[in-house]
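I wanted to know what packs against what.

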Amino acid sequence: MEMINTIGRRKAAVARVYLSKGTGKVLVNGKDYKEYFPQVHIQAAIMAPFKTVGLEANLYDIKVNVDGGGFKGQAEAVRMAISRALVLLNADYRKPLKDKKYLTRDARQVERKKYGKPKARKSFQFSKR
């Protein structure tokens, strides 16, 4: 197996994942993923595809380049890219990952601000008199 290259997106975040045989190192933008994402629940979300398919995460090295968005959007983009890489690795993994919606692009974006309003939908206080 050579290197598998996949991409994942969420909100404004784009993650490029390179999966190869190795010892289980996960590097996100040159740092260990536990250092880059210090929250425990975010770390669990990144490793969730491995747990879903019942695969040991220490069999593969993962190198991630992630850009844009916040930490939650970046983590979900990484999760999607890892899921896509696992499907390329073995097509049998598609069903459990698809059932958990890890392969679905969440297309929700921030609604744009409208003129005459302080935010997208919020209005200034209305005064009748």
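The notes below take the sheet, then the helices.

Sheet. I noted at the outset that this is a predicted model. I looked up the strand order and found 5 strands in an open sheet, β1-β2-β5-β3-β4, with mixed pairing. I reminded myself that strands of a sheet pair through backbone hydrogen bonds, either parallel or antiparallel.

Which strands stand at the edges? They are β1 (4-10) and β4 (31-32). Each has a single partner strand, so one side of each has no neighbour in the sheet.

Strand β2 (residues 13-21) runs antiparallel to strand β5 (residues 60-67), and 8 bridges join the two. I looked for the partner of Y18 and found K63 in β5.

Helix on helix. I compared helix α2 (residues 40-53) with helix α3 (residues 71-89): their axes come within 8 Å and cross at roughly 15°. Angles under 35 degrees count as roughly parallel, and the two helices are therefore roughly parallel to each other. I recorded the crossing of α2 past α3 as right-handed.

Last, I listed the residues that meet. From α2 I wrote down I42, A45, I46, P49, F50 and V53. From α3 I wrote down F71, K72, A75, V78, R79, I82, S83 and L86. I sorted the residues of this contact into 11 nonpolar, 1 polar and 2 charged.

How values were computed. Residues are numbered from 1 along each chain as its sequence is written. This is a predicted model: local features need pLDDT of at least 70, side-chain atom pairs count only at pLDDT 80 or more; totals for chains, interfaces and linings use all residues. Side-chain values use heavy atoms; hydrogens and water are left out. Axes are lines fitted to C-alpha atoms, for helices over the stretch in contact, and angles run from 0 to 180 degrees between N-to-C directions. Helices (H or I, at least four residues) and strands (E, at least two) are DSSP runs, numbered from the N terminus. Angles under 35 degrees count as roughly parallel, over 145 as roughly antiparallel, 65 to 115 as roughly perpendicular and the rest as oblique. A crossing is left-handed if the near helix is turned anticlockwise from the far one by less than a right angle, and right-handed if clockwise. Contact means heavy atoms within 4.5 Å. Ala, Val, Leu, Ile, Met, Phe, Trp, Tyr, Cys and Pro count as nonpolar, Asp, Glu, Lys and Arg as charged, and the others, Gly among them, as polar. Two strands pair if DSSP finds at least two bridges between them.
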